[in-house]
Amino acid sequence: MDELLVIKDLEKTFQMNQMNDEKKIIGCKGINLTIRTGEFVGITGESGAGKSTILKSIYRTYTPTKGCIHYQSNRFGMIDLVRASDRKMIAVRKNEIGYVSQFLHAMPRITALKMVMDAIVEMGEDINIAEQKAKDILTHFRLPSALWDSFPRTFSGGEKLRLNLAKAMVKRPKLLLLDEPTASLDHQSKQSVKEMIIQLKKEGTTMIGIFHDLDFMEEVVDQSYMLANGQMEKRLMTHG
Ligand SMILES: Nc1ncnc2c1ncn2[C@@H]1O[C@H](COP(=O)(O)OP(=O)(O)OP(=O)(O)O)[C@@H](O)[C@H]1O
Ligand SMILES: [Mg+2]
């Protein structure tokens with residue numbers, strides 16, 4: 001089958017040391033999920049349910065405690081992202097798997113345009129083509145051209161988010177992980193995120209997205225889950 005990602009019994013626990021007291025916090029537990037190429041999987045669930053932990057485990061920001069994440073890589077064939085070497089993870093992150101964080105971390109001291117261009121150039125694209133693609137996607141996300149030559153450090157929250165989305169999406173990754181990509185955006189910006197998701201899906205990108213409100217994404221979502229009590233419960237879809 002054309003399964004791109006198969007998660008089996010994934011668990012991440014955090015060992016906390018508080019005043020000589022060993023304490024375990026469960027990030028996520030017993031997670032099973034199969035995603036076929038081209039699918040869009042939506043996940044909702046209350047705060048602290050473990051949604052971000054799942055995405056960070058796939059991207060290997062977190063090393064899972066248990067389970068496996070089989071991923072069909074272009075370059076390496078079938079690999080387990082839980083156990084793959086750092087060298088393979090770096091290559092896969094550069095060329096195949098994209099991730100947009102829920103939080104807006106410190107931005108590098110380069111201009112917004114350069115940030116997006118670099119993301120394409122590191123995949124081996126010609127600089128002039130990279131510049132055109134970067135400008136096109138920044139325009140799509142309605143980031144004012146007056147900001148293109150500025151440092152993103154001073155951007156508003158929504159501007160930083162849209163820049164991060166542009167940087168990840170311009171690469172047309174094989175698998176894209178989106179952690180609340182529409183949170184805190186106005187309706188018009190949310191709409192442009194949704195349009196870009198539809199565009200990427202047409203071009204074959206497989207995506208997992210965490211959303212507060214999955215109804216907004218209803219026409220795009222192929223499988224949807226609610227994460228509760230550490231379990232993934234399949235949500236019934238009202239369309240299709
Ligand atoms: N690095 C960490 N160290 C310790 N505990 C963590 C860490 N990351 C996550 N957790 C804990 O794991 C649980 C799940 O966190 P996670 O961030 O995955 O939730 P979430 O579903 O994404 O929530 P939100 O909707 O608020 O973003 C929480 O109880 C959280 O405190
Ligand atoms: Mg989260």
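Which residue in S7 is the bridge partner of isoleucine 97? The answer is leucine 175. This structure is a predicted model. The protein chain holds 6 helices and 10 strands.

**The whole chain**

- The protein chain has 240 residues and a radius of gyration of 18 Å, which agrees with the value near 18 Å for a compact globule.
- Along the principal axes, the C-alpha atoms fill a box of roughly 50 × 45 × 40 Å.
- Of the 240 residues, 35% are buried.
- Take the contacts between residues at least 6 apart in sequence: 67% of them join residues at least 24 apart.

**The open sheet of 6 strands**

- Strands of a sheet pair through backbone hydrogen bonds, and the pairing is either parallel or antiparallel.
- One open sheet here has 6 strands, in the order S6-S7-S8-S3-S9-S10, and its pairing is mixed.
- Strand S6 (97-100) and strand S10 (231-234) stand at the edges. Each has a single partner strand, so one side of each has no neighbour in the sheet.
- On average, neighbouring strands of this sheet are turned by 20° against each other, direction ignored.
- S6 and S7 are a parallel pair, joined over 4 bridges. The bridge between isoleucine 97 and leucine 175 links S7 to its partner.

- S1 pairs with S2 in the antiparallel sense, over 12 bridges.
- Within this pairing, phenylalanine 14 stands opposite isoleucine 25 in S2.
- S1 and S2 form a hairpin, with 2 residues between them. Methionine 19 sits in the turn and has a positive phi of about 50°.
- S1 also pairs with strand S4 (residues 66-73), in the antiparallel sense, over 5 bridges. Here leucine 5 stands opposite tyrosine 71 in S4.

**Helix H1**

- Is H1 largely enclosed or largely open? H1 is largely enclosed by the rest of the structure, because 8 of its 8 residues are buried.
- The buried residues of H1 are Lys51, Ser52, Thr53, Ile54, Leu55, Lys56, Ser57 and Ile58.
- H1 lies across strand S3 (40-45), S6, S7, strand S8 (206-210) and strand S9 (223-228). Against S7, H1 runs at about 150°.
- Just after H1 comes arginine 60, with a positive phi of about 65°.

- Most residues other than glycine have a negative phi.
- Aspartate 9 has a positive phi, near 50°. Aspartate 9 lies in strand S1 (residues 3-18).
- Why does aspartate 9 count as exposed? Aspartate 9 has 12 other C-beta atoms within 10 Å, and a residue is exposed if it has 12 or fewer.
- Serine 184 also has a positive phi, near 65°. Serine 184 is found in the loop between strand S7 (175-179) and helix H6 (187-202).
- Serine 184 is exposed, because it has 12 other C-beta atoms within 10 Å.

**Serine 150**

- Where is serine 150 found? Serine 150 is in the loop between helix H4 (127-140) and helix H5 (157-169).
- Serine 150 is partly exposed, with 14 other C-beta atoms within 10 Å.
- Leaving aside neighbours within four places in sequence, serine 150 is in contact with Thr111 and Ala112.
- Serine 150 and leucine 163 are 13 residues apart in sequence. In space, they are 12 Å apart, C-alpha to C-alpha.

Conventions: Residues are numbered from 1 along each chain as its sequence is written. Chains are lettered from A and ligands numbered from 1 in the order in which they are written. This is a predicted model: local features need pLDDT of at least 70, side-chain atom pairs count only at pLDDT 80 or more; totals for chains, interfaces and linings use all residues. The radius of gyration is taken over C-alpha atoms; the globule rule is 2.2 Å times the number of residues to the power 0.38. A residue is buried if 20 or more other C-beta atoms lie within 10 Å of its own, exposed if 12 or fewer, and partly exposed in between; C-beta atoms are placed from the backbone. Two residues are in contact if their C-beta atoms, placed from the backbone, lie within 7 Å. Two strands pair if DSSP finds at least two bridges between them. Axes are lines fitted to C-alpha atoms, for helices over the stretch in contact, and angles run from 0 to 180 degrees between N-to-C directions.
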